[in-house]
Amino acid sequence: MAEEKKLKTLATGDKTIPPEGAKMIPIYIMGREYVVPETLTIMKAVEYAGYSYVRGCGCRGGICGACGTFYRFIGDYRLRSGLACQTVAEPNMIIMQLPFFPANRPGYDLEKMQSAPHEELRRLYPEVFKCVGCGTCTRTCPMDIDVMDYIALMKRGDLKGAAIKSFDCVMCGLCASRCPAQISQFTAAMFVRRVYGKYILPKAAHVKKRVDEVRSGKYEKMLDELMSMKQEDVKKLYVEREREPDLAEAGKWMPKDTKNL
Amino acid sequence: MSGYTTVLSELIKKAEATRPARMEKARKGEHFPALTMEQRQQWLKKYHPDYKSDGRRKLLIGPNKGMELPEEVASLIESRSRLNTKAVDLKKADYETDLLVIGAGGAGTAAALVAQELGLKVLVSTKLRHGDSNTVMAEGGIQGATQEGDSPYFHYLDVIGGGHFSNAPALAAALTNDAPLIINWLEDLGMMFDKAPSGRMKVRHGGGTCRKRMHSSGDMTGAEIMRVLRDEARNRDNDIKMLEFSPAVELILDSAGKAAGAVLYNLETKEYYVVRAKAVVVATGGFGRLHIQGFPTTNHYGATADGIVMAYRAGAKLQDLDSTQYHPTGAIFPEQNVGLLITEKVRGLGAQLLNVDGEQFCFPLEPRDVESACVIRECLDIGKGVVTPTGRFGVWLDSPMIDLLHGEGTVRKELPAKYIQFKRYDIDISRVPMLIYPTLHYQNGGIQIDEWSRTGIDGLFSAGEVAGGVHGRNRLMGNSLLDVLVFGRRAGLKAAEYAKSAKTGSPLSLKHVEDFNKEIEAAGIRSTGVSPILLPDYAPDHVKARQIV
């Protein structure tokens, strides 16, 4: 019978199982009071209250940026922010999600840059250089990115630094919504990361070489051979594959059998 | 660590006690023995949810009548259309375009970009925002045989062996041969790959690989791919028009039975739109949000199998749709993280799975279905699972090994998103292990396609998770990001060729939908709902009971 019980606990879908004896807490969704079990994320608490999401819900795993949320606690002047799917609802939270925020995003052609990357940044996003250094963006970021710092790096022309510093960005737009200098930090950062990835980060020569080999049709015959083989023979090849050691240095290790490389 | 309860903190000590000995072996490259091919099959049959016969039934109508599917999928397919076809005026198209792409994740966006390059005007319909997809959630990496000691030949062997030799060989060959081209394409688009200072790609093993060919971008590879592709599509918005919050609800055929557009539905204004197109790509993603057998899922909110439903009504064939991938490592603690995917990269970096006694019980990098079966066996059969305060079962994933193996700070550097997601709840995964259990992760099967993403219906192409055959009955890590881009691009290419020569102007039709509704009735199916469902329903019972409809 123990096994049956175990199996049952698996069948939970997406509904939360509040721990036994979970306390009920008041939260205020756009100002209206609802009572929900403690420990839920804001997103699950909002659903528990009876809302069905259309906007403001995406991956439910903290990576898509659909559910940027502002909240305050009753009696506390501070405005706080987080992702609804990642932030636990607490008593007396007054919640407003920001499912969309208009951002400035000038189009550009990555293949045909008109000037040096940092000049392009200045041309596309002149407002970046008007940052007043208030730090609200950094305090607002639900991914704990030091937004103001990467903006400062952009101003200094350190695009590598800005690309790396902004890498965790989920593009929720909360930073832009609070910026007194009206900067769309997250779209400027997107531009900078692509420029860095394309023009500053060194190219992988081995990829280029392999692309030429693929385009020359080198592997088609090998693959045709595998496709036309009997299943037992493919199985044998599969089982006999040589496994590259985990700690082998990339580009240095070679298998004993080099015929099909 | 305060994030764990006292009971769990005590249990962690058992894992810590066995760690020095495990570390010593790991440093020497010694592994817990992998299962033999025979054992793999035995364990799968006994423990993998796919092999359980309850909760399944045969399709009663349509091109795959008789195919056995999970109940959740079968009843969705055999529901009535949500569209009142009589109320749709097909004489006037609200949008006319060369190519209609349905779905704006990795596959749809890749198709749109390629078709645009070939001179097409593209309209993209998406249910949520551009990029809202499982692509954005893929973490660990993308495979491609780019290193000297590797080749598409070995990648192919891994793909087909991992799929238990059930893959469509031509699709596996296309996948592996195109892989280096895809890596190169992404690099050209400015993706920030993890690289050595020389520019050489950093690569790792994934479950079931014989070569290290997992390319990554931190632990948010899919998010990085998606934001780069989306950014590029936005740069081309003169030719690629994006309609967000406007999912397709039915395909439109012409009088010759060729794909000719779709009916879209604006989720906010509740209006429908008729789109006339010369070709259509279905790239709507998978079915995780159907919660097959009640499992939690790692999938995006929109993963409700819309494309399967629409294409099946239009006459497209399905394959392997009874095969579901359970990712071996979904978080089960804390409750807020339940269902959250813990990337295979964690195991690729050396973290081992441990039972309640801190003992290893399986090779950490078996193919995913086998690994899942191992965890389920350890918890349900052997009875050495760890129980959480909310009554869930799981095993430890010993992430602290990573810093010990690769140096202090590796977890934070290589797994930044995971690190943050646990740190929020006071769990430092570079110091203490995570609790995991298999979670519904991927739809292995789907719409049948050939190696050029053609569905068998003229003018209808399909790519990505919604399509089947590439991975057979089990997919390896790093091959879905690859799949969406390889077949997305191929769909865009072939759809462009097709659209350029397609004859247009014949009347639009939804007769296939009406016919399907009649078939449902004739087969005596008492369907209660309509489909596609578009979004999952998470309203709790206490609310539902009081809703006034």
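In chain B, 35 residues of domain 1 are in contact with 32 residues of domain 2, contact meaning heavy atoms within 4.5 Å. The model is predicted: local features need pLDDT of at least 70 and side-chain atom pairs count only at pLDDT 80 or more, while totals for chains, interfaces and linings use all residues. Residues are numbered from 1 along each chain as its sequence is written, chains are lettered from A and ligands numbered from 1 in the order in which they are written, and side-chain values use heavy atoms, with hydrogens and water left out.

**Domains of chain B**

- Domain 1 of chain B covers 6-50 + 325-440, and domain 2 of chain B covers 81-91 + 120-251 + 275-304 + 312-323 + 444-487 + 500-509; such bounds come from an automatic or database domain assignment.
- The C-alpha centres of domain 1 of chain B and domain 2 of chain B are separated by 28 Å.
- These two domains of chain B bury about 2,500 Å² between them, with 52% of it on carbon and sulfur atoms; buried area is the accessible area (1.4 Å probe) that two parts lose on being put together, summed over both.
- On the side of domain 1 of chain B, Gln325(B), Lys345(B) and Leu440(B) lose the most area to domain 2 of chain B, together 25% of what that side buries.

**Domains of chain A**

- Chain A is divided into domain 1 (20-97) and domain 2 (117-200), whose C-alpha centres lie 28 Å apart.
- Eleven residues of domain 1 of chain A are in contact with ten residues of domain 2 of chain A.
- About 690 Å² is buried between domain 1 of chain A and domain 2 of chain A, 71% of it on carbon and sulfur atoms.

**Interface between the chains**

- Chain B places 104 residues in contact with 94 residues of chain A.
- The two chains bury about 9,000 Å² between them, of which carbon and sulfur atoms give 58%.
- In chain B, the residues that lose the most area to chain A are Tyr153(B), Phe165(B) and Met192(B), together 8% of what that side buries.

**Helix packing**

- Helix H9 (residues 205-215) of chain A packs against helix H6 (residues 169-188) of chain B at an angle of about 135°, with axes 9 Å apart. H9(A) is therefore oblique to H6(B); angles under 35 degrees count as roughly parallel, over 145 as roughly antiparallel, 65 to 115 as roughly perpendicular and the rest as oblique.
- Residues of H9(A) including Val207(A), Val211(A) and Arg215(A) meet residues of H6(B) including Pro180(B), Leu181(B) and Asp188(B). The residues of this contact divide into six nonpolar, two polar and four charged; Ala, Val, Leu, Ile, Met, Phe, Trp, Tyr, Cys and Pro count as nonpolar, Asp, Glu, Lys and Arg as charged, and the others, Gly among them, as polar.
- Within chain A, helix H5 (residues 147-155) and helix H8 (residues 185-200) pack at about 50°, with their axes 11 Å apart. H5(A) and H8(A) are therefore oblique to each other.

**Backbone details in chain B**

- A cis peptide bond, with omega of about -10°, joins Phe333(B) and Pro334(B).
- Another cis peptide bond joins Ser531(B) and Pro532(B), with omega of about 0°.
- Asp320(B) is not a glycine, yet has a positive phi of about 55°.

Definitions and conventions: Axes are lines fitted to C-alpha atoms, for helices over the stretch in contact, and angles run from 0 to 180 degrees between N-to-C directions. Helices (H or I, at least four residues) and strands (E, at least two) are DSSP runs, numbered from the N terminus.
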